[in-house]
Amino acid sequence: MNYATFASTWIQAVQPILDDAVSSKLCAGINVLIRQGGKEVAYMQAGYSDIEEKKPLRRDSIFRMWSMTKPITATAAMILVQRGQLDLMDPVEKFLPGFKDGKVETPDGEVPVYRAVRVMDLLGMTAGVQYPLFGIGKAGLGAGEIVGMAEGAIRAGGGIPTVELMNRLGQYPLAFQPGTQFSYSMCADVLAAVVEVVSGKRYSDFLQEELFRPLGMKDTDFWVPQEKQDRFVTPYSWQEGELTPWSGLLFGVGEYSRRPDFEAGGAGLTSTVEDYARFTQMLLGGGELDGVRILTPATVKFLTTPQLTEKPLKTLFHNLEGYSYGKLMRVCVDPGQVAGITSLGEYGWDGAMGTYFANFPMEDMTMVCCQNVIGGDGGHVMRRIRNAVASVASKKE
């Protein structure tokens with residue numbers, strides 16, 4: 001297979017999209033890395049790490065990954081599962097007592113859960129917990145209060161540890177009975193707390209020991225040390241066609257100058273395009289990268305297989321037609337319904353500031369894109385990039 005030919009074609013197709021996104025002020029800076037056949041075949045970038053300082057984006061620029069933290073958290077849980085240390089049928093209350101004797105909010109008042117929330121529910125976002133901002137009922141308000149506690153502690157110069165915070169979350173009523181609906185939520189944050197309890201290690205320490213250091217992900221963590229701050233991109237907010245620096249907190253994360261107490265398994269990590277591509281390549285390689293095995297092929301197959309049954313599938317995001325969900329990632333089940341070019345079994349996820357990855361097993365290809373803009377139309381940019389990349393890729397031989 002002549003990857004050099006594909007690389008040239010990808011660059012010709014994708015680079016103008018990146019340049020246009022920057023010139024149109026849809027983002028400050030953006031980069032894309034593509035690997036196929038186990039090799040890097042194309043890298044492209046455009047724009048700035050900081051607009052005001054005219055600091056060019058770099059290949060090793062560090063981004064806020066936000067929800068692209070979630071697939072890493074799912075992988076962390078599966079490391080424990082394949083070792084027999086964690087059972088997916090385990091009730092979450094076994095590790096987080098705050099979830100014991102759970103209640104569900106209904107129009108007729110609160111009722112007991114018909115069964116305990118399970119670890120498997122966390123992987124499929126079917127646990128009944130919510131996110132702030134777009135959550136519903138007491139569960140949504142509870143998530144807002146929990147995040148408010150975390151952010152208040154951060155502003156005061158401290159923090160609330162992951163396990164403690166998730167135990168508090170478990171004391172609020174659920175929005176629905178476990179396993180009956182899909183709801184994008186703090187499930188991954190709860191799962192991170194479970195990993196911490198089962199492993200007996202702080203969540204970030206577990207990730208460093210089991211994933212990041214073995215895979216050579218040297219710039220991935222929940223904070224950015226002083227010696228790396230010059231590579232940490234300035235995040236921007238898009239409003240009415242203009243980009244302005246953004247410095248807020250969201251979902252209990254946003255202070256990266258020190259190691260946080262709350263290590264959010266759903267949104268907390270920072271990384272580079274190259275680091276994250278090492279993670280996605282490990283998945284694409286059946287759990288192994290450069291001779292280092294993280295997961296078994298069977299575990300990767302399970303991790304990348306959809307899990308939603310018919311009823312919760314009906315409550316999946318409306319922009320994910322053609323996909324199912326499971327293990328904190330989308331999984332393509334019907335390419336013909338997807339509003340874009342893809343193939344059966346493609347999986348991945350994205351982040352609210354424009355980070356994105358997609359693995360195409362049929363084409364033996366992974367793509368990772370990084371940008372840091374909140375409130376803009378990063379999805380429009382990513383769809384254009386993804387279609388250009390996927391249209392060139394050939395099936396593996």
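In helix α4, the residues A139, G140, G142, A143, I146, V147, A150, E151, A153 and I154 are buried. They sit on the same side of α4, because they cover an arc of only 170 degrees around the axis. Please keep in mind that this is a predicted model.

**Helix α4 and its surroundings**
- Helix α4 spans residues 137-155, 19 residues in total.
- From the first C-alpha to the last, α4 reaches 27 Å, close to the 27 Å expected at 1.5 Å a residue.
- Which exposed residues does the face of α4 turned away from its buried side carry? They are L141 and R155.
- The cover over the buried residues of α4 includes β5 (103-106) and α5 (162-169).
- After α4 comes G157, and its phi is positive, near 95 degrees.

**A buried leucine in a loop**
- L174 belongs to the loop between α5 and α6 (187-199).
- Is L174 buried or exposed? With a relative accessible area of 5%, L174 is buried, since the cut-off for that label is under 20%.
- L174 and E105 are 69 residues apart along the chain, and 6.1 Å separates their C-alpha atoms.
- Leaving aside residues up to four places away in sequence, L174 touches K103, V104, E105, V113, V117, A127, G128, V129 and A139.
- One of these contacts, A139, is also among the buried residues of α4.

**Cysteines without a disulfide**
- How many disulfides does the structure hold? The number is zero.
- The closest cysteine sulfur to that of C369 is in C370, 6.6 Å away, and this is too far for a bond; a disulfide would need the two sulfur atoms within 2.5 Å.
- Seen from the other residue, C370 is in no disulfide either, and its nearest cysteine sulfur is that of C369.
- C369 is buried, with a relative accessible area of 0%, and C370 also counts as buried at 0% relative accessibility.

**The largest pocket**
- The largest pocket holds about 1100 Å³ of space.
- Its lining is made up of 41 residues, and those nearest the centre of the pocket are N319, D350, G351, G379 and R383.
- Two or more lining residues come from each of the elements β14 (347-350), β17 (373-374) and α11 (378-392).
- Which element gives the most to the lining of the largest pocket? That is α11, with six residues.

Note on methods
Residues numbered from 1 in each chain as written. Predicted model: local features only at pLDDT ≥ 70, side-chain atom pairs only at ≥ 80, totals over all residues. Heavy atoms only, no water. Helix = DSSP H or I, 4+ residues; strand = E, 2+ residues; numbered from the N terminus. Expected span 1.5 Å × (residues − 1). Buried < 20%, exposed > 50% of the residue type's maximum accessible area, 1.4 Å probe, protein only. Arc of directions from axis to C-beta. Contact = heavy atoms within 4.5 Å. 1 Å grid on protein atoms, 1.4 Å probe; cavity = no way out; pocket = protein on both sides within 12 Å on 5 of 7 lines; lining within 4 Å. Points joined across faces, edges and corners; volume = space filled by probe spheres on them.
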